Every structure is written in C-alpha cells, then in structure tokens.
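Dear colleague,

Please find below the structure that I am handing over to you. My findings follow directly after it.

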Amino acid sequence: MRLMRRFDVVILGGAFSGASAAILLRREQPELSVLVIERAPAFDAKVGEATTEMSAMFLTRRLAMWNHLEVEQLPKEGLRYWFANEHVKGHADASETGGFLRSAVPSFQLRRDALDEHLLATAVAEGATLVRPARVGEVTLGDLDHQVTFEHEGRSETVGCRWVLDATGKATFLGKRLGLIDRNEEHPTAAIWCRWKSVRNIDDLAARTGGGLAHRGLGSRRLSTNHYMGFGYWIWVIPLGNGETSIGVVYDTRLINLSESRDRMRDFCAFLRDIPALAELLEGAEPRAEDLRFYAHLPYVTRQYMGPGWALLGDAAAFLDPYYSPGLDHAAFSVEATAEIIKADRAGEPLDERIKEHNGAFLRSYHRFFQGVYRDKYYCMGEQDLLSASFLMDTAQYYLFVVIPAYRVHKRFMWMPVLGHPGASLNYRFMRSYNRRFKTIALARRRLGADPHDLSRAAHVGRGGVGPPAPAHAIAVPATGRALAAITHAAASSARARESRGGVGRRGGRAHSRRARRDPARRPRSAGGESGRGRGRAARPPPRRRRSDRWPPRALRGG
C-alpha cells in the first residue's frame with residue numbers, strides 16, 4: 001500500500017493568489033514543503049487586469065516581478081473618467097477627470113493569463129510541487145492536520161498537510177464547503193465584458209482632433225484605466241500588452257436591467273456604442289464573441305478568513321466591486337498576512353491571537369470599504385462634479401494613509417488591508433459621510449431637474465432593445481431613494497420660502513427676526529422709510545459695524 005504523502009502547505013489554485021503564496025513561502029522558508037493543485041491546464045484571460053499602487057508594490061518589491069512587468073505588460077497611467085450628456089458628440093466635448101502628468105508611483109495594466117502563468121512557473125522554480133491539471137474532490141479539516149483528496153491523470157490521491165490555503169478564486173471551494181460565504185445583497189451589482197480587437201488609440205485620436213483635447217496633459221490617456229460614466233453604471237476600457245483592449249460594463253441592477261438581455265453580445269455592443277465618446281474608439285473595432293463573460297451578482301464575503309491551519313486568499317474569501325481595482329490589493333494583503341502567520345507557526349509562536357487579529361482586520365476592511373466607499377455609489381456615477389470630488393477625496397485617503405506610509409515610512413509592503421486597522425475608524429466615518437452626502441445631492445438633482453436623455457440612454461438597452469431610448473420614467477428608483485429625494489426637495493422648498501421672506505442663509509428667517517426684536521434698527525421699514533413702530537419718527541440709521549466685525553481683519557488685508 002502506498003504511503004500518504006505529507007506537505008507543510010497545500011494550496012488549492014495556482015493563479016495570482018496561490019502562486020504568490022507559494023513564492024513567498026518557499027523563498028522565505030525554504031524548508032517548507034508546498035504543493036500547488038491547479039485545475040486548469042492553462043490559464044485564460046480574466047478580469048483583474050489593472051493593479052493599484054499597492055498591488056504593484058507587492059508584485060515588484062515583494063515578488064520581484066519587475067522584468068516580467070516591464071517586458072510583457074503595460075504601465076498604467078492612473079484613472080481617467082469621462083462624462084457626457086446629450087450635447088456631447090465625442091471626447092472633445094466630454095467632461096474629463098484624471099491626471100495630466102505621468103504617474104510617479106508604478107502600476108500596470110495586465111494580461112492576467114501571462115502574469116498568472118509566469119507567477120506559477122516562478123513558484124515551481126522556487127521549489128513548490130505542482131499538480132496540474134487536477135481536480136480537488138474533498139478536504140477534511142482537523143486541528144493543524146488536514147487531508148486533501150484530488151484527481152490527477154485518472155488517479156485519485158490523498159495527501160496530508162498542516163496548512164491548506166484556498167486560492168480557488170470565485171469558486172470559493174473551501175469557503176462554500178464550510179458554509180462561510182454570504183452574498184452582499186445590499187450592493188446588487190453585475191458585470192459583462194469581453195476583449196476587443198482594433199480599438200482606436202485615444203492619444204492618436206486626440207492628436208488628430210487638436211485643440212484642448214490634444215494639449216491637455218503630458219501623460220498617455222490610452223495607458224490609463226478609462227472609465228465612461230453614467231447613472232447606475234460605469235464602463236472600463238483597459239489596454240492589454242497583446243494589442244487587445246478589455247472593455248466591460250459594471251452596473252447596479254436596481255437601476256440598469258442589462259442582466260435581462262436575451263442577446264447579451266448584441267445588447268452589450270449596442271450599450272457601448274450608444275455612448276458617443278466611446279463610440280469614437282469602437283469605430284472599426286470587433287469584439288471577441290467567444291470571450292464574452294457575465295456575472296449576475298458580483299459581491300460576496302466570507303464570515304471568517306482563517307482558522308487553525310486553513311485560510312482563504314483573495315477572491316476565495318471576498319469580492320466587492322471592480323471600481324478602483326481593489327481585487328489585486330485584497331489578494332496581495334491576504335497572501336502577505338497569511339504567509340506571515342504560517343512563518344510564525346513554523347517558529348513555534350501561539351496562533352490564537354494572530355488568527356483573531358487576521359479575521360478582525362480583513363472583515364473590518366471589507367465592511368468599512370463597502371459602507372464608506374461603495375454603498376449606493378452608482379447613484380452618483382453620472383454626476384461629474386460629485387464623482388470627481390469623491391474620486392479625489394477617496395484617492396487622497398488611499399495615498400495619505402496607505403501608499404505613502406508603505407513607500408516612505410515602512411519602506412516595504414505591509415499586510416494590513418485598507419481601513420482594516422482599528423485606528424482607521426475616523427477615516428472610515430469621514431468617507432462614509434461625504435459619499436452619503438454625494439448620493440443625497442445626486443438624488444435631489446434628479447428629483448428637481450433630471451436629464452431625461454441621460455436617464456433613458458442608461459436604461460434602454462437593458463430593456464432588451466437596441467432601438468430608440470426608453471422614456472425617462474421607465475427607470476425605477478428604489479423607495480428609499482425616492483423618500484430621500486423627497487426629503488431633500490422639501491428642504492430645498494423650505495429654503496426658497498425663507499429666501500422669499502427676505503432671509504438668505506444664516507442671516508435669514510427666524511434668526512433675523514430675533515435680532516430685529518433685540519435691535520429696533522433692524523426691524524423692517526414701511527414704504528415711507530419709517531420703522532414698523534412709532535410712525536412719523538425719523539428712521540434710525542443702521543449701526544456701523546465694529547472694526548472687530550470686519551472681514552478680513554487688518555492682519556490679512558496687508559495693513
């Protein structure tokens with residue numbers, strides 16, 4: 001009878017998260033035996049094609065992938081947003097938000113199939129054992145003593161291990177079997193995407209157009225992650241190193257009904273080409289029909305990231321939203337944190353407190369990130385000023401409290417996820433406050449003076465047709481949104497009423513009346529110039545302001 005093989009660590013899945021974990025464990029603890037079980041004989045293209053500054057730091061400074069990234073991938077020039085209404089005919093007319101200088105901190109646009117293959121090959125070169133293609137059948141968990149059964153080349157094998165790591169991505173193999181995965185029903189978003197051939201270069205288009213579009217900025221617009229925004233949806237356009245372009249729509253299913261399409265490719269293409277600026281890029285372009293992918297519900301989260309001898313990595317634990325490209329950040333943070341705990345276990349350190357801290361930090365990060373950044377954000381997607389302000393404020397917090405400390409203070413990649421530290425409560429509350437306020441303003445605008453063309457364009461393809469836009473009233477706003485807009489409308493009406501009575505802002509309404517009772521000189525005067533009381537008496541002139549009341553003070557007026 002063949003003896004059961006034993007490994008220190010068995011990793012389910014060999015793509016970004018699994019291969020990265022194997023690389024770190026073998027490089028820093030070469031005495032550890034690591035087995036990677038990968039189902040696919042070859043990786044295909046997948047989403048998660050843009051890094052942020054932190055996931056790029058993980059790839060370059062932790063995994064030493066500089067050469068691959070510079071030779072096989074494209075640099076990324078930040079985020080760029082395009083907004084439109086019925087007057088916009090192309091990029092030259094659209095409102096644009098984004099950087100106009102070359103990015104100082106490295107980030108990249110990725111062909112994920114090429115990156116994942118390179119990472120897995122590197123893990124094998126570092127000494128990890130690879131079984132591929134293989135299908136995991138069963139995982140039996142113990143207390144730091146587990147068994148994993150898999151099928152490979154027609155044979156079934158069971159191996160023992162001290163740690164088992166789930167890096168199976170959205171399949172969430174271990175999380176589902178433990179009953180830990182919950183759908184995030186408060187964020188009902190979906191996505192549809194594919195790669196396109198022969199998409200026009202936006203920088204060449206700007207050069208041919210001339211004017212402000214050509215002269216603004218020194219960076220490359222094409223190398224940015226370009227976003228085309230509308231009420232309830234956003235569209236990503238990401239260039240890839242093989243000449244193709246990844247294009248996808250992410251939308252709130254409460255506001256856009258693209259999920260109900262009967263011919264997804266036809267309606268997907270019609271949706272994209274109905275946006276004038278994006279239609280400029282798609283002139284002559286062709287989608288790869290065999291590459292079309294669709295997710296009916298994006299966000300989910302585990303109730304526990306780690307237990308004694310097991311852990312969930314990256315998308316196997318949670319996914320929130322592709323806006324801001326946080327997926328690879330989350331994968332990098334979870335891989336780094338898990339590798340640190342496995343090394344601590346190898347050194348004989350107690351694990352209970354480390355596992356408790358790990359679970360607390362990552363669950364806190366997910367729920368704070370959702371509540372502070374993503375909750376109901378799709379109501380603001382078509383508002384250029386609101387979304388631009390949100391983008392600048394969100395990005396400032398990311399740089400001030402995550403990127404700059406990593407590069408300037410710690411000088412290394414740190415495992416703590418965004419907003420995961422207990423001390424990040426103030427940042428979380430601040431972000432939640434202004435993003436909720438932006439949603440309130442956006443709904444009030446639509447209530448008081450919505451743009452029917454924008455509303456209908458955002459929804460008409462999702463209703464199963466490619467013809468003329470549906471009427472504006474066809475979009476259903478949830479009851480909570482209508483109530484919130486009604487409250488804001490009532491507040492605006494009240495403010496207009498106070499203004500019509502002679503009061504504006506803090507000096508209007510009741511505050512003005514109270515001061516008038518205290519100071520007769522402030523009382524309203526009759527048509528004849530007399531005060532309200534004591535008719536026939538000369539009108540008293542208003543009192544002069546004291547010097548201390550003047551603004552700006554002398555010190556700021558230059559003497």
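**Packing of helix α1**

Helices α1 and α4 cross in a left-handed manner. Please bear in mind throughout that the model is a predicted one. Helix α1 comprises residues 16-28 and helix α4 residues 112-125; the two pack with their axes 8 Å apart, at an angle of about 25 degrees. Angles under 35 degrees count as roughly parallel, and α1 and α4 are therefore roughly parallel to each other.

On the α1 side, the residues that meet α4 are F16, A19, S20, A22, I23 and R27. Their counterparts in α4 are R112, L115, D116, L119, L120, T122 and A123. Sorted by class, this contact holds eight nonpolar, two polar and three charged residues.

Helix α1 also packs against helix α10 (residues 327-346), where the axes lie 9 Å apart and the angle is about 35 degrees. The crossing of α1 with α10 is right-handed, whereas that of α1 with α4 is left-handed. From α1, the residues F16, S17, S20, A21, L24, L25 and E28 take part in the contact with α10. In α10 they meet L328, A331, A332, V335, E336, A339, I342 and K343. The contact of α1 with α10 is made up of 10 nonpolar, two polar and three charged residues.

Three bridges join β11 to β18 (residues 300-302) in an antiparallel arrangement. Within this pairing, I181 has T302 of β18 as its bridge partner.

**Aromatic pairs**

Across the whole structure, the search finds 22 aromatic pairs. One of them is formed by F231 and Y379, whose ring centres are 6.4 Å apart; their planes stand at 65 degrees, so the pair is edge-to-face. This pair links distant parts of the chain, as F231 and Y379 are 148 residues apart. F231 belongs to the loop between β13 (225-230) and β14 (233-239), while Y379 belongs to the loop between α11 and α12 (384-410).

With kind regards

Methods
Residues are numbered from 1 along each chain as its sequence is written. This is a predicted model: local features need pLDDT of at least 70, side-chain atom pairs count only at pLDDT 80 or more; totals for chains, interfaces and linings use all residues. Side-chain values use heavy atoms; hydrogens and water are left out. Two strands pair if DSSP finds at least two bridges between them. Helices (H or I, at least four residues) and strands (E, at least two) are DSSP runs, numbered from the N terminus. Axes are lines fitted to C-alpha atoms, for helices over the stretch in contact, and angles run from 0 to 180 degrees between N-to-C directions. Angles under 35 degrees count as roughly parallel, over 145 as roughly antiparallel, 65 to 115 as roughly perpendicular and the rest as oblique. A crossing is left-handed if the near helix is turned anticlockwise from the far one by less than a right angle, and right-handed if clockwise. Contact means heavy atoms within 4.5 Å. Ala, Val, Leu, Ile, Met, Phe, Trp, Tyr, Cys and Pro count as nonpolar, Asp, Glu, Lys and Arg as charged, and the others, Gly among them, as polar. Rings of Phe, Tyr and Trp (its six-membered ring) pair if their centres lie within 6.5 Å; planes under 30 degrees apart count as stacked, over 60 as edge-to-face and the rest as tilted.
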